[in-house]
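The sequence and structure come first.

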Amino acid sequence: FIRKSATAAAVLATANVLKPTVYGQAPSAGRVIGANDRIVVGHIGVGGQGMAHVRDIKTHPADNNVAQAAVCDVWAMRIESAKAFIGGDCQGFDDHRKLLERKDIDAVVVATVDHWHTPCSVDAMQAGKHVYVEKPMTRYLGEAFQIYDTVKRTRKILQVGSQGCSDQKWHKAAELIK
């Protein structure tokens, strides 16, 4: 599993497969993209790390054409705080499965306590959502196989939140290698 994942990641990084495209071209910074092209994101877990993702996404929404639509947490105070920070029509939930019922959400950020990473990620992919899950992706090998099988079956994209891997320097290195 690890060898296959590393090989797939290397191929994707060097092949530029995940480069965002709109009608075959990467969107320019000055181009306005329509609402139908917008990525609608929900957040599952809005504690310390979850709110770091909320803040980061809110900092550059136009550059990434992202809209934050919903948050979920087990603590009502966190839900209200995140909704207030995001603003607009952001909806709050105390059950991640209710958030996943929203048809307009394209992807979720899972930043819960570790033992909820696998159930929330699997539920999200089964609901048709792409997933960014914080590290550790799983606690046990069986959970890793569960996620692997769900990715293969649903064909949804799952990224593990090791922010260092998302750093622009690694994308530049991949570009130079290519």
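The points below are grouped by topic.

This is a predicted model, in which local features need pLDDT of at least 70, side-chain atom pairs count only at pLDDT 80 or more, and totals for chains, interfaces and linings use all residues. Residues are numbered from 1 along each chain as its sequence is written, and side-chain values use heavy atoms, with hydrogens and water left out.

**Sheet**
- An open sheet of 6 strands runs in the order E3-E2-E1-E4-E5-E6, with parallel pairing (strands are DSSP runs of E, at least two residues, and helices runs of H or I, at least four, numbered from the N terminus; two strands pair if DSSP finds at least two bridges between them).
- Strand E3 (91-93) and strand E6 (158-161) are the edge strands, each pairing on one side only.
- Strand E5 (residues 130-134) pairs with E6 in the parallel sense over 4 bridges, and Tyr-132 stands opposite Gln-159 in E6.

**Helix H6**
- Helix H6 (residues 117-126) packs on the sheet and touches strand E1 (39-44), strand E4 (107-110), E5 and E6 (contact means heavy atoms within 4.5 Å).
- H6 is largely enclosed by the rest of the structure, because 7 of its 10 residues are buried (under 20% relative accessible area; exposed is over 50%, partly exposed in between; 1.4 Å probe, protein chains only).
- Among the buried residues of H6 are His-117, Cys-120 and Met-125.
- Just after H6, Gly-128 has a positive phi of about 90°.

**Loop**
- Trp-75 lies in the loop between strand E2 (66-72) and helix H4 (76-86).
- Trp-75 is partly exposed, its relative accessible area being 44%.

Terms used
Axes are lines fitted to C-alpha atoms, for helices over the stretch in contact, and angles run from 0 to 180 degrees between N-to-C directions.
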